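Open the model in your viewer and keep the selection tool at hand. This tour goes from stop to stop and says what to select next.

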Amino acid sequence: MSTVRSLLRPASATAAALLLATACDSGGDAGPARYGPADTRITAHVGDRFEIAVQANASTREDWHLVAPGPSAPVVRGRGSRTETDPGTEEMDGAPHTVVFTFEAAGPGSARIVLLHCTFAAPCDGRTPVPTSTPTATATPAPTASPEPAASPTPRPERRVYSVTVG
């Protein structure tokens, strides 16, 4: 029994040291900071990369589009976007996903990032949404030359504005 213990001690010490070293090592680059829809104030240093992650669902026509800044903005530059499948939904058709916009802090100053939230009810491409209810019939006869009912305007997509300060 003492032979087994003496053999396990060096292995346990090595495993503990390895675990401690792994836990303390930041791994160098931890990746860009990630912000969500509610994080509308962002602070970064020149050269930092950061991401804004928002939920979307193509099956319900919900999506996000970058409006500003342009690709050569002096304070913040867009570095592209990608979609990530939400954990646990990999095999589900029509499941929501995350759209991640990546940016780089290019120079000192302030900038605005504007995302457009497009939905079925407030589309970005000019499509008119399908009415969700139909008018009910009334017992009162309609006049013979009735004007067409005024169409209600299509809601505009939400604009989410992020204020970025680069120092």
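**Stop one: a cysteine link**

Select Cys 124: at 33% relative accessibility, this residue counts as partly exposed. Bear in mind as you look that this is a predicted model.

A disulfide joins Cys 118 to Cys 124, with 1.5 Å from S to S. A disulfide is a covalent bond between the sulfur atoms of two cysteines. Turn the view to look along the S-S bond. The angle about the bond is -90°, and the link of Cys 118 and Cys 124 is left-handed.

Is Cys 118 buried or exposed? Cys 118 is buried, because its relative accessible area is 5%, below the cut-off of 20%. Cys 124, at 33%, counts as partly exposed. How many disulfides does a search of the whole structure find? The search finds one.

**Stop two: the loop at Pro 123**

Select Pro 123. Where is this residue placed? Pro 123 is in the loop between β7 (109-118) and β8 (158-166). Its relative accessibility is 10%, so Pro 123 counts as buried.

Pro 123 and Thr 154 are 31 residues apart along the chain. Draw a line between their C-alpha atoms: the separation is 8.2 Å.

**Stop three: a four-stranded sheet**

Switch to a cartoon view. Four strands form an open sheet here, in the order β1-β3-β6-β5. Their pairing is mixed. Colour the edge strands, which are β1 (33-35) and β5 (76-85). Each of these edge strands pairs on one side only. Ignoring direction, neighbouring strands of this sheet are turned by 25° against each other on average.

Now select β3 (residues 49-56) together with β6 (residues 97-105). These two strands run antiparallel, and eight bridges join them. Which residue in β6 stands opposite Arg 49? That residue is Glu 104.

**Stop four: the aromatic rings**

How many aromatic pairs does the structure hold? There are two.

Select Tyr 35 and Phe 50. Their rings form an edge-to-face pair, 6.2 Å centre to centre, with 80° between the planes. Tyr 35 lies in strand β1 and Phe 50 in strand β3, so this pair ties together parts that are 15 residues apart in sequence. Tyr 35 counts as buried at 18% relative accessibility. Phe 50 also counts as buried, at 1%.

Phe 50 lies in β3 and Phe 103 in β6, so the pair ties together parts that are 53 residues apart in sequence. Both Phe 50 and Phe 103 are buried. Now show the three rings at once: Tyr 35, Phe 50 and Phe 103 form one aromatic cluster.

**Last stop: the whole chain**

Zoom out and select everything. The chain has one helix and eight strands. From the N terminus on, the elements run α-β-β-β-β-β-β-β-β. Of the 167 residues in the chain, 26% are buried.

Finally, show the contacts with a separation of 6 or more: 76% of them are between residues 24 or more positions apart.

Note on methods
Residues are numbered from 1 along each chain as its sequence is written. This is a predicted model: local features need pLDDT of at least 70, side-chain atom pairs count only at pLDDT 80 or more; totals for chains, interfaces and linings use all residues. Side-chain values use heavy atoms; hydrogens and water are left out. Buried means under 20% relative accessible area, exposed over 50%, partly exposed in between (1.4 Å probe, protein chains only). A disulfide is a pair of cysteine sulfur atoms within 2.5 Å. Two strands pair if DSSP finds at least two bridges between them. Axes are lines fitted to C-alpha atoms, for helices over the stretch in contact, and angles run from 0 to 180 degrees between N-to-C directions. Contact means heavy atoms within 4.5 Å. Rings of Phe, Tyr and Trp (its six-membered ring) pair if their centres lie within 6.5 Å; planes under 30 degrees apart count as stacked, over 60 as edge-to-face and the rest as tilted.
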